[in-house]
Amino acid sequence: MNIYIIGMPGSGKTTIAKQLAKNLNYTYIDLDAMIEKDSLMFIEEIFEKYGEKKFRELETNALKEINCDQAIISCGGGVVTVKNNKELMKGLKLYLDTDITVIKKRLESDYQRPLLKQTTLEQLYDDRFLKYQDFADAIINNNYDIDQTVKVIENYLK
Ligand code: S3P
């Protein structure tokens with residue numbers, strides 16, 4: 001079974017997905033990295049040159065391309081904005097629920113997401129939180145310690 005990690009930018013998806021893949025001996029897949037590899041462009045470049053709509057098409061295509069069945073997939077924060085993506089994400093979808101204040105701290109030291117040049121984190125969250133819940137099979141709090149979150153997920157999978 002594949003496990004899709006969803007949640008806001010900065011919610012800790014990549015870190016959790018990598019650790020989980022290592023512990024469970026699953027393949028780690030980064031959906032943004034797949035998009036960059038397929039398009040031979042950086043995410044920022046896709047947004048700048050072609051806009052969000054095109055990016056979403058590439059993201060959906062990348063989901064269609066996944067052909068493993070024991071992978072942990074770290075998805076871009078906006079994967080839930082395209083309703084039909086839910087059906088393409090066959091497997092378990094885990095939503096990392098992280099407070100905006102925690103996300104803000106984490107993003108301070110990270111690269112600037114292209115969408116956050118156009119909107120705020122609060123706005124993105126308001127637009128998306130119901131969608132994350134709709135996609136999710138389980139909601140996992142990730143406000144605290146990464147190892148703790150990974151343990152919670154591993155227990156859930158037992
Ligand atoms: C996006 C989040 C990014 C990336 C793109 C769009 C979004 O991924 O897919 O910039 O719409 O929230 P992360 O969630 O890994 O930052």
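Mentor: Two residues are in contact here if their C-beta atoms, placed from the backbone, lie within 7 Å. In this predicted model, 79% of the contacts in the protein chain between residues at least 6 apart in sequence join residues at least 24 apart.

Trainee: What makes cysteine 75 and tyrosine 4 an example of residues apart in sequence?

Mentor: Cysteine 75 and tyrosine 4 are 71 residues apart in sequence, and their C-alpha atoms are 6.8 Å apart in space. Tyr4 is among the residues that cysteine 75 touches, along with Ile5, Ile6, Lys13 and Leu31, leaving out residues up to four places away in sequence. Cysteine 75 sits in the loop between strand 3 and helix 4.

Trainee: Is cysteine 75 buried or exposed, and how do you know?

Mentor: The cut-off for buried is 20 or more other C-beta atoms within 10 Å. Cysteine 75 has 24 such neighbours, so it counts as buried.

Trainee: Why is threonine 15 called partly exposed?

Mentor: Exposed needs 12 or fewer neighbours, buried needs 20 or more, and partly exposed lies in between. Threonine 15 has 17 C-beta neighbours inside 10 Å, so it is partly exposed. Its place is in helix 1, residues 13-24. An unreviewed UniProt entry lists threonine 15 under "binding site", together with Gly10, Ser11, Gly12, Lys13, Thr14 and Arg113.

Trainee: What makes arginine 113 buried?

Mentor: Arginine 113 has 21 C-beta neighbours inside 10 Å, and the cut-off is 20. Arginine 113 is found in the loop between helix 5 (100-108) and helix 6 (121-135).

Trainee: Why does arginine 128 count as buried?

Mentor: Arginine 128 has 20 C-beta neighbours inside 10 Å, and 20 or more is what the term requires. Arginine 128 lies in helix 6 and is in contact with Val80 and Thr81, neighbours within four places in sequence left aside. UniProt, in an unreviewed entry, also gives "binding site" at Asp32, Arg56, Gly77 and Arg128.

Trainee: How do you know whether glycine 77 is buried or exposed?

Mentor: Glycine 77 has 22 other C-beta atoms within 10 Å, so it is buried. Beyond residues up to four places away in sequence, glycine 77 touches Gly7, Met8 and Pro9.

Trainee: Which residues are around the ligand?

Mentor: They are Pro9, Lys13, Asp32, Ile43, Gly76, Gly77, Gly78, Arg113, Pro114 and Leu115.

Trainee: How many of the residues in that shell are nonpolar, polar and charged?

Mentor: The shell has 4 nonpolar, 3 polar and 3 charged residues. The polar class takes in Gly because Gly is counted there by definition.

Trainee: What makes a group of residues a nonpolar core?

Mentor: Its members are buried nonpolar residues joined through C-beta atoms within 7 Å. The largest such core here has 32 residues, and Ile5, Ile6, Ile73, Leu94 and Tyr95 have the most contacts inside it. Helix 3 gives the largest share, 6 residues. Isoleucine 5 is in contact with residues including Ile16, Ala17, Ile73 and Leu94. In soluble globular proteins, nonpolar side chains tend to be buried together.

Trainee: How do you know whether the protein chain agrees with a compact globule?

Mentor: A compact globule of 158 residues would have a radius of gyration near 15 Å, and the protein chain has 15 Å, so the two agree. Buried residues make up 34% of the protein chain, which has 7 helices and 5 strands.

Methods:
Residues numbered from 1 in each chain as written. Predicted model: local features only at pLDDT ≥ 70, side-chain atom pairs only at ≥ 80, totals over all residues. Near = placed C-beta within 6 Å. UniProt positions renumbered as here; feature names shortened; annotations may be inferred. Helix = DSSP H or I, 4+ residues; strand = E, 2+ residues; numbered from the N terminus. Rg over C-alpha atoms; globule rule 2.2 N^0.38 Å.
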